[in-house]
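Me: Could you walk me through how to read a model like this one, taking one feature at a time?

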Amino acid sequence: MGTGDFICISMTGGAPWGFRLQGGKEQKQPLQVAKIRNQSKASGSGLCEGDEVVSINGNPCADLTYPEVIKLMESITDSLQMLIKRRVGTPFLFLEDQSHPPFLHLLGYTSLLIVTLVNQLMD
């Protein structure tokens, strides 16, 4: 998977989320964020263009085709959580609204400590 940071992005309120994806198993490309719409839920969440989507609401994306990802996204009605991998060196967006900071949700635990541990393991 290479070097990068893992971050959980959370959005609520239902679609439209304000981002476009590209890639998928059938294209032999990782699922990535292709575009972020200005002033959208995605732009306010800290999601960045080029982020690799590891999972959506706990569903791993590595073996999903693009149509399967779209079907999964269409089934989400209110709350979206995406585990993403951000390449090292990609600037992190500092949000004006810190009421919902990005956390990593892993194995039922929510902690920035886990983000640090995962990053150390990947180095």
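Me: In what order do the elements of the protein chain run from the N terminus on?

Reply: Helices (H or I, at least four residues) and strands (E, at least two) are DSSP runs, numbered from the N terminus, and in this chain they follow the order β-β-β-α-β-β-α-β-β-β-α, which comes to three helices and eight strands. This is a predicted model, in which local features need pLDDT of at least 70 and side-chain atom pairs count only at pLDDT 80 or more, while totals for chains, interfaces and linings use all residues. Residues are numbered from 1 along each chain as its sequence is written, and side-chain values use heavy atoms, with hydrogens and water left out.

Me: What is the mean pLDDT of the protein chain?

Reply: pLDDT is the predictor's confidence in each residue, on a scale from 0 to 100; its mean for the protein chain is 80, and 69% of the residues reach 70 or more. Over residues 92–117 the pLDDT is below 50, and this stretch has 33 contacts in the model beyond near neighbours in sequence, where a contact means heavy atoms within 4.5 Å.

Me: How do β2 and β3 pair?

Reply: Two strands pair if DSSP finds at least two bridges between them; strand β2 (residues 19–24) and β3 do so in the antiparallel sense, over five bridges, with R20 standing opposite K35 in β3. The two strands form a hairpin with four residues between them, and K28 in the turn has a positive phi of about 55°.

Me: Which side chains meet in a salt bridge?

Reply: Side chains of opposite charge can pair when their charged atoms come close. A salt bridge here is a side-chain nitrogen of Lys or Arg within 4 Å of a carboxyl oxygen of Asp or Glu, and a search of the whole structure finds one. It joins the side chains of R86 and D51 at 2.8 Å, N to O, and it links distant parts of the chain, since R86 is in strand β6 (residues 79–87) and D51 in the loop between α1 and β4 (52–56), 35 residues apart. Both R86 and D51 are buried.

Technical notes
Buried means under 20% relative accessible area, exposed over 50%, partly exposed in between (1.4 Å probe, protein chains only).
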